[in-house]
Amino acid sequence: MLSLSHIEKIYRTDTVETLALNNISLEVAKGEFLSIMGPSGCGKSTLLNIMGLLDEPTSGQVTIENQVIHGYSDKALSQFRNEKIGFIFQSYHLINDLPVLDNVELPLLYRRVSSKERRKLATEALEKVGLSNRMKHYPTQLSGGQKQRVAIARAIVGRPELILADEPTGNLDSAMGHEIMEILEQLNTADRTTIVMVTHDEGMAKRTHRLVRLFDGALVSSNQFYTA
Amino acid sequence: MFTHILKLIWKKKKSNFLMMLEIFVSFLILFAVWSLSIYTYRNYVKPSGLKAENVWAVYINFNTQNDTIRGEYRELVRRHLSNIKEVEHFSFSSGNLPFSFSSSNRDFEYEGKNTLSDYINVEPSYAPTLGIEMLAGRWFTYEDTIGKIDPIVITRRMAENLFGNKEEAVGKIVGLENNQQKVVGVIDYFRHKSSFQADENCVFAASESWLSDMLIKVAPDATPEFEAGLARSMQQLGKDWTVEIQHLDDMRRTQDKTIWVPILILFIVCGFLVFNVGLGLFGILFQNINRRKGEIGLRRALGASKSQIWTYFVGETLVIAGFGVFLGLFFAVQLPLLNALDVESAVYGWAMLLAVLSILAMAVGCAFYPSRQAAAIYPATALHEE
């Protein structure tokens, strides 16, 4: 599903050169639920951004669904991201001025989908995360857990094959965190959606199929808990 | 996408209200400036109806108030000018010569309908002196002035105002019983106040008693020496006479200046105002985009390309501008509907169109750079800024 080969990411300023990722090679199988852990600043988010095509590696190769991501135009890359990848962020990134349903519809605005079809798909996605009764609410009227569920609905509304979650439970209490984790597990098992999740929570990480650890930009260990 | 933009604008209506108000005010200013410009331009391109080239305005002061003596003096001048080969035509006229700062008007009545018109007393030779061409009928002659009813020549506009479009003007008698005048001819235009004068009512009458100044049409090769000699020779005809010659062309330029200079100043002031509005808009958009970096990062992550981000922000600005313009149009359209200011509806129509285009161009111009900045935002960075 996703393959990273010898990925290096270096941030350069006039005076300083920072090696954020050092020779990372990683294979994520279709339907796998992978978690990434590591101390702050070790390069987890950078790795996730590269997987999500939001950032480019300095060297190395990213392959998604057997397509080597190289030399794509901005338009083609955006389209690829729109169709293949769903994002979940720690701070939800919902647009507070739009009702829940419109927030969920957002990825479909960048596809050729009729407004009727958009409504239908967004409603289905919200039903999946148990928020069909909050469609007309605004994000400011929701709890943290509900906001994250909206963010999940938005991530899955376009039926992507890969979901990248950057600390999805990081802003939530443990009960809410478990709820979100259950939804992700369900997506993974029921829809065979591949999920890569960055987390600080060992407990959450152990609920995934595999855990990889990063330290100072390098992959230091990999633990297989279950098989996808 | 349009509904999506509308929803976001509506939700932020308080912060967008000021922008809409700015656009609304700018629209009204631009509408006024465009209306004035189009009105002035349309007047400018209309025929003037007179040929001012090689025509001189001659101001003669006979230094007497006695009408009989003045009449004799005029005859003396006529005889003198008739003998000068460089003088092609000449005509005495009332003081309101073309492009002078003097004007005279009076009311005319026909079948209960009253119309105010410029009123010029001239001689039969006035028409050839100014190269005036007839639209209908003829210019009056000396023979006409002997009759019981005084002859007049009127402009087409005057004929339409008094008799409507269907009736033949020539032969009509206007005025009350003791002061009747007969229309003997109609001319198309006589725009004698400036090149920007509108098509207005004008009546030419033949009344000897009001003649004071004169117009002389000279040959194209008349030199400044000839002009000085003519003034001198005319002055020598009488004991205390003073004679001053001015060129009609120069007089027209002076009059034109009194019109276009204020318009130019108005243009500069309005341009400055609109420029300031544009700067304000630019600032608001820049601030807006800086505040919405997270949203831009999110949209990029969800699949918006750079060009879609650019289009989105330009589109949002255009929709906001559209609301301001719509409100402005509501007020602007009242002018032609109420037929205010006696200006053709087409002037307002063009002015509205140009004001709309100007505002949209300003909105796109102001949104262009901030939107490009928005499109260039790096999604990974923007997502971590919030």
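Start by selecting residues 13–45 of chain B, which are helix 2, together with residues 248–291 of chain B, which are helix 8. This is a predicted model, so take the numbers as computed from it. The two helices pack with their axes 10 Å apart, at an angle of about 155 degrees. Angles over 145 degrees count as roughly antiparallel, and that is why helix 2 of chain B gets this label relative to helix 8 of chain B. Turn the view until one helix lies over the other: helix 2 of chain B passes helix 8 of chain B in a left-handed crossing.

Now show side chains along that contact. On helix 2 of chain B, pick out Met19(B), Glu22(B), Ser26(B), Ile29(B), Leu30(B), Val33(B), Leu36(B) and Thr40(B). Facing them from helix 8 of chain B are residues including Ile263(B), Phe267(B), Cys270(B), Val274(B), Gly280(B) and Ile284(B). Colour this helix 2 and helix 8 contact in chain B by class and you get 14 nonpolar, three polar and one charged residues.

Next, zoom out to the whole of chain B and colour it by domain. Domain 1 of chain B takes in 2–46 + 255–385, while domain 2 of chain B covers 55–246. How far apart are the C-alpha centres of the two domains of chain B? They lie 51 Å apart. Where the domains of chain B do meet, seven residues of domain 1 are in contact with ten residues of domain 2. Your two helices turn up again here: helix 2 and helix 8 of chain B each supply at least two residues of the side of domain 1 that touches domain 2. That side of domain 1 of chain B divides into two nonpolar, three polar and two charged residues.

Switch to chain A and show it as a cartoon. Its secondary structure comes to seven helices and ten strands. The C-alpha atoms of chain A fill a box of roughly 50 × 40 × 35 Å along the principal axes. For 228 residues, a compact globule would have a radius of gyration near 17 Å, and chain A agrees, with 17 Å.

Last stop: bring both chains back and select the residues between them. Here 22 residues of chain A are in contact with 21 residues of chain B. Which element gives the largest share of chain A's side? Select residues 74–84 of chain A: this is helix 2 of chain A, and it supplies six residues. By class, the side of chain A that touches chain B has nine nonpolar, seven polar and six charged residues.

Terms used: Residues are numbered from 1 along each chain as its sequence is written. Chains are lettered from A and ligands numbered from 1 in the order in which they are written. This is a predicted model: local features need pLDDT of at least 70, side-chain atom pairs count only at pLDDT 80 or more; totals for chains, interfaces and linings use all residues. Axes are lines fitted to C-alpha atoms, for helices over the stretch in contact, and angles run from 0 to 180 degrees between N-to-C directions. Helices (H or I, at least four residues) and strands (E, at least two) are DSSP runs, numbered from the N terminus. Angles under 35 degrees count as roughly parallel, over 145 as roughly antiparallel, 65 to 115 as roughly perpendicular and the rest as oblique. A crossing is left-handed if the near helix is turned anticlockwise from the far one by less than a right angle, and right-handed if clockwise. Two residues are in contact if their C-beta atoms, placed from the backbone, lie within 7 Å. Ala, Val, Leu, Ile, Met, Phe, Trp, Tyr, Cys and Pro count as nonpolar, Asp, Glu, Lys and Arg as charged, and the others, Gly among them, as polar. Domain bounds come from an automatic or database domain assignment. The radius of gyration is taken over C-alpha atoms; the globule rule is 2.2 Å times the number of residues to the power 0.38.
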